Amino acid sequence: MDIPVADINKTASNEDLHTMAWNHSMFPLFAIDMASGQLLDVNRASELLTGYGRAELIGMSYQLLFPENERSSLRTTLLTISTPAVLKDLYIQTKAMQLIP
């Protein structure tokens, strides 16, 4: 198991720490441009979960990762969020069209 470590007193900036945490998180993370609905960034866990590569995910509409019957309510929910949030009880639709809770 890789465990990222940084001595914040010596070299790592806040941006470095954020990048390290983002890249090495075991949880799927998606950065979304809410104006366009496009994915701006994803981490490796997002790739593993969805079956899409990073290059396929970047620029994709986030709505394509969710079942069609959940997309409208999800968009409404996301538009009301003003800070980073964790969304629960959703299904992700993979590249193979599998639904994963």
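**A strand residue and a helix**

Modeller: Gln-93 is found in strand β3; strands (E, at least two residues) and helices (H or I, at least four) are DSSP runs, numbered from the N terminus. This is a predicted model, in which local features need pLDDT of at least 70 and side-chain atom pairs count only at pLDDT 80 or more, while totals for chains, interfaces and linings use all residues. Residues are numbered from 1 along each chain as its sequence is written, and side-chain values use heavy atoms, with hydrogens and water left out.

Colleague: Is Gln-93 buried or exposed?

Modeller: Gln-93 is buried, its relative accessible area being 12%. Buried means under 20% relative accessible area, exposed over 50%, and partly exposed in between (1.4 Å probe, protein chains only).

Colleague: Which residues does Gln-93 touch?

Modeller: Leaving aside residues up to four places away in sequence, Gln-93 touches Leu-64, Leu-65, Phe-66, Pro-67, Arg-71, Gln-98 and Leu-99. Contact means heavy atoms within 4.5 Å.

Colleague: Turning to α4, which of its residues are buried?

Modeller: In helix α4 (residues 71-79), they are Arg-71, Leu-74 and Leu-78. These cover an arc of only 60 degrees around the axis, which puts them on the same side of α4; the arc is that of the directions from the helix axis to the C-beta atoms.

Colleague: And what covers them?

Modeller: The cover of the buried residues of α4 includes β1 (30-33) and β3 (92-93). Ser-72 and Leu-79 are exposed, on the face of α4 turned away from its buried side.
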